[in-house]
Structure formats: structure tokens, C-alpha cells
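Dear colleague,

Please find below the structure that I am handing over to you, with its sequence. My findings follow directly after it.

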Amino acid sequence: MPVLEKPEVVKKLRDFHRYLRDNDGKIGTKLRGIDINLNNACNFKCEHCFTQAPSGKNVKEKLDVETIRRLANEAHELGIFEFDLQGGELLLDKPYLYEIIEAIKPERFYLYITTNGYYLDKDTAKKFAELGVSRVSVSIDSMQSQEHDDFRGHKDAWQKAIDGLKYVQEVGMEPYLNITVGHYNAFSDDIEELCKYSKEQGYTTLVNVAVPSGNWHSMESIMCDEKDTAHIIELRKKYKNILRNLWNPFDRKYEAVMGCNTVNRTYITPIGDVLACPYVHIKIGNIFQQSLKEITQYGHSIKHFREHNSLCMAGEDKKFVNKYLKTAGIGVFKPLDAKTIFKEEDYVTE
């Protein structure tokens, strides 16, 4: 369902725009969205998986419908307008996913699904549209089918992803082509070809920068440097359909950065842990123990998450990564506890 057909979402977006305008274009403490890993089971074996789904980590745990219903109500009260449902691969259990979508009440949110696209057929796309999903994001790593399939560890992965995006577009939802950019590929022909293809098809390209977490833990060499980040901005200006979560989406010059979205976009695991973001594996609460309001207020009491940072803390801020995220063994299901790692001087005093 298009956002313009959701009055409550339009109202929230206008409020978000006013906030950015009045706060010098910085996201500050304005809550924006929730990324939820409903279930970590997956049919792929992606080399870079940040949830380590290929290794079978926490594939049995699943957030129940009533918990999601409560969480969505709390999020709505806080003015949150984005809901990203992800895994794992959620299309492995479509009936469960459909029930979750209905419980969220999509008319209140810019609701989208992130998927590898393998089970995204015409009927599924049609069902999503009927339920009120606004967007479906499909990850593609290369315009060379074999390279994508090898990276994802599954035959025909590329063709299924390409077809899935077309089905999404045909039923009137927004198709997002997700790409991961790191130091290893920022200037590659592959990235340029993906951007070009997305533009030609009328899709939106969502850039995620490579982060040294999950299967790529401690691989600092993959992180974007200043030249890589500058090049991504140039691609943004060139194609005008490229987004990053830390960019200002209202900027018509395609260059403004509103800042890292830690806590503004929290990440929730199947066991209820709330992390500062999908890639900053630092726990700030648990939805079974505190309200979403209490959790986000605590998160924003931490200077690192409250103060403006023009870099992605997990994918570009090497100082933060080296100080907090290189601890051996940490991950989505074994995060660091904010209350343990941060000291008194790391908190905001008002």
C-alpha cells in the first residue's frame, strides 16, 4: 500500500521532516523505526550474514503475535513510522508472517519486508500488497548471476531475486534493491551496474555499508574509508534513487547526512533483546522486561548514541568499532550489555 494512502503515516513523516528542519538536519533523538528479526531461520548461506543464520544460530526462537501487537502499539504511540520485518528469511513461514503483518496494523506504519527473494513469487507479492505492505527490499550482490549465487550459497538465488523485485513493482508496492558496499567493492563495476540497473527499472537502491560483525566479525579491512564513503555520495548524486539510513531523505541536493541512526532505529531479536541497531551489537534492553519507551530513553542517555555522528558507527567509525565491537564472540544473540561496558562518563548529564 503506497504511503500516501496511509494518513497516519503521512502525519508522522511530516512531523519527522519538521524535526529535521528545526534540528539543523540532524536526527538527534527522534525515533524513526524498528528492525525486527522475527525468526533467524534461513535457506541461504550468505558469506557476510550478520545474524549468523547459516550456522543455525537461534533458528527455533520466534516472536509471538501478541508480543508484536503490543510492540506495534507502543511504537505507534512513540511516533515511530517505519517497521522492517526481517530474519533469517521470513518467507520460509508465510502464514506466520501474514499473521504478524495483520497484528502490526500496517495502516499506521511504513511497513516493509526484507527478503532474499527466493520465495517471493507473484502470489506472495499480491498477498503483501493486500495486507498493506508498502515496500519489499531484496538483496542483490552482483549483476553476474553466478557471483551472486556463489556468495549466497544457493543455486538460482539471483534469478529469483530479480523476478521477485518485478513482482513487487507489478502489484504497486515499492521495490528496493539492497546492496552492500565495503572497501572491497566500492569502486567496482558491479556496484555501478547494480545502481544503473536499479535506476533503469524504476527501483530504489538501498545502500548498506559492510560491517565487521556476524560472519565477518573482526574483518576491519572490509569497512569503507573516506574515499569509499565520498564515492557512495557521488553515486547518490548521479542516480538520485539511492538511499542510506543515515542520509537526509528530504534533501534535494542528495548530499545531506542526518547522522547515524543508533537507537532511532532499534533492532529486536527473536528473544526480545533490543540492540542499538542491527550492526551495533550492544544491548539496551529487552521488550519482555521493559517498555519500548523506557528502552529508547535509556539508549539515548548514552552519549555515543545520542550525539551526532555523520558516520555509520558499525561500518565507518573505526574508533568506535575498535573500542567496543571487536570483542571476541559478540553478535546479535550474544551482544554486549550497555550497562556493563559504558562508564559514568559515557552518559549524558542534564
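In this predicted model, the buried residues of helix α5 pack against strand β4 (135-139) and helix α6 (157-170). Helix α5 itself covers residues 145-152, and its buried residues are H148, D149, F151 and R152. Seen down the axis of α5, these residues fall within an arc of 165°, so they line one face of the helix. Just after α5, G153 adopts a positive phi of about 70°.

Which of its residues are buried? They are V9, V10, K12, F16 and L20. Viewed along the axis of α1, the buried residues lie within an arc of 160° and therefore line one face of the helix. An α-helix has 3.6 residues a turn, so residues three or four places apart point the same way. P7, K11, R14, R21 and D22 are exposed on the other side of α1. The cover over the buried residues of α1 includes α2 (65-77) and β3 (110-115). The length of α1 (residues 7-22) also agrees with expectation, because its 16 residues should span 22 Å at 1.5 Å a residue and its end C-alpha atoms are 23 Å apart. Just after α1, D24 has a positive phi of about 60°.

I turn next to the nonpolar cores. The largest of them contains 90 residues, of which L38, F83, L85, F128, V280, I282 and F305 touch the most other members. Helix α3 (residues 94-104) gives the most to this core, contributing seven residues. Apart from it lies another core of seven residues, among them V3, Y110, Y112 and Y176. In soluble globular proteins, nonpolar side chains tend to be buried together. With neighbours within four places in sequence left aside, the contacts of L85 are I36, L38, L90, L97, I100, I101, I104, L111, Y112, I113 and T114.

A search of the whole structure finds 12 aromatic pairs. One of these is formed by Y110 and Y112; the pair is tilted, at 5.5 Å centre to centre with 50° between the planes. Y110 and Y112 are both buried. The charged end of R135 sits over the ring of Y112, 3.6 Å from the ring centre. Elsewhere, ring pairs link F305, F320, Y324 and F342 into a cluster. In another case of a charge over a ring, the charged end of K339 sits over Y298, 5.2 Å from the centre of the ring.

Two individual positions remain. T266 is found in strand β8 (residues 265-268). Is T266 buried or exposed? Its relative accessible area is 2%, and because buried means under 20%, T266 counts as buried. Leaving aside neighbours within four places in sequence, T266 is in contact with G33, I34, D35, V274, L275, A276, I284 and T296.

Y254 is placed in the loop between β7 (242-243) and β8. Although Y254 and K240 are 14 residues apart along the chain, their C-alpha atoms are separated by 6.9 Å. Beyond neighbours within four places in sequence, Y254 is in contact with I233, R236, K237 and K240.

With kind regards

Conventions:
Residues numbered from 1 in each chain as written. Predicted model: local features only at pLDDT ≥ 70, side-chain atom pairs only at ≥ 80, totals over all residues. Heavy atoms only, no water. Core = buried A, V, L, I, M, F, W, Y, C linked by side-chain atoms within 4.5 Å. Buried < 20%, exposed > 50% of the residue type's maximum accessible area, 1.4 Å probe, protein only. Helix = DSSP H or I, 4+ residues; strand = E, 2+ residues; numbered from the N terminus. Contact = heavy atoms within 4.5 Å. Expected span 1.5 Å × (residues − 1). Arc of directions from axis to C-beta. Phe/Tyr/Trp six-rings, centres within 6.5 Å; stacked < 30°, edge-to-face > 60°. Lys NZ or Arg CZ within 6 Å of the ring centre and 35° of its normal.
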